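This report describes the model shown below, from its overall make-up to single residues.

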Amino acid sequence: MPWPALSPDMNPIEQCWDLLQTQLNRVVPRPTTVADLDRGVRQAWTNIPRQASNTLVRSMHRRCQAVIDANGGHTRY
């Protein structure tokens, strides 16, 4: 299936970024330097449950079908 133009609905990376941000917000103390931020992001990434990424991967069939059903229009994703 060709990738629909301007279709963030198809890209689970947005949900992945949200998961990463949620985990990064839990890093204590808050990063104040680039090195701290690098460590914080790595720690946050490690703390994202594998089940979360598996769920995003498994959602791709539903995402594709939703875009097809919407004729390329907006979906709930």
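Two residues are in contact when they have heavy atoms within 4.5 Å. Among contacts in the chain between residues at least 6 apart in sequence, 59% join residues at least 24 apart. The model is predicted.

## Overall make-up

The chain has four helices and zero strands. Read from the N terminus, its elements follow the order α-α-α-α.

Of the 77 residues in the chain, 25% are buried. The accessible surface of the chain is about 5,800 Å², and carbon and sulfur atoms account for 59% of this surface.

## Helix H1 and its buried side

Helix H1 covers residues 13-25. H1 has 13 residues, and the distance from its first C-alpha to its last is 18 Å, close to the 18 Å expected at 1.5 Å a residue. Its buried residues are Cys 16, Leu 20, Gln 23 and Leu 24. These residues lie on the same side of H1 because they cover an arc of only 100° around the axis. An α-helix has 3.6 residues a turn, so residues three or four places apart point the same way.

The cover over the buried residues of H1 includes helix H2 (34-47) and helix H3 (50-58).

Thr 22 is partly exposed, because its relative accessible area of 33% falls between the limits of 20% for buried and 50% for exposed.

## The nonpolar core

Which residues form the largest nonpolar core? There are six: Leu 20, Leu 24, Val 27, Ala 44, Ile 48 and Ala 52. Leu 20 and Leu 24 are also among the buried residues of H1. In soluble globular proteins, nonpolar side chains tend to be buried together.

## Residues of helix H2

Arg 42 is located in helix H2. Arg 42 counts as exposed because its relative accessibility is 55%, and exposed means over 50%. Along the chain, Arg 42 and Leu 20 are 22 residues apart, and their C-alpha atoms are separated by 9.6 Å.

Gln 43 is in helix H2 as well. With a relative accessible area of 42%, Gln 43 is partly exposed. The C-alpha atoms of Gln 43 and Leu 20 are separated by 9.7 Å, and the two residues are 23 apart along the chain.

## The loop between H1 and H2

Pro 29 is in the loop between H1 and H2. The peptide bond that leads from Val 28 to Pro 29 is cis, and its omega is near -5°.

## Cysteines

How many disulfides does a search of the whole structure find? The search finds zero. A disulfide is a covalent bond between the sulfur atoms of two cysteines.

Is Cys 16 buried or exposed? Cys 16 counts as buried because its relative accessibility is 16%, and the limit for buried is under 20%. Cys 64 has a relative accessible area of 22% and is partly exposed.

How values were computed. Residues are numbered from 1 along each chain as its sequence is written. This is a predicted model: local features need pLDDT of at least 70, side-chain atom pairs count only at pLDDT 80 or more; totals for chains, interfaces and linings use all residues. Side-chain values use heavy atoms; hydrogens and water are left out. A disulfide is a pair of cysteine sulfur atoms within 2.5 Å. Buried means under 20% relative accessible area, exposed over 50%, partly exposed in between (1.4 Å probe, protein chains only). Helices (H or I, at least four residues) and strands (E, at least two) are DSSP runs, numbered from the N terminus. A nonpolar core is a set of buried Ala, Val, Leu, Ile, Met, Phe, Trp, Tyr and Cys residues joined through side-chain atoms within 4.5 Å. The expected span of a helix is 1.5 Å times one less than its number of residues. The arc is that of the directions from the helix axis to the C-beta atoms. Accessible areas come from the Shrake-Rupley method with a 1.4 Å probe; for residues, only the protein chains shown count as cover.
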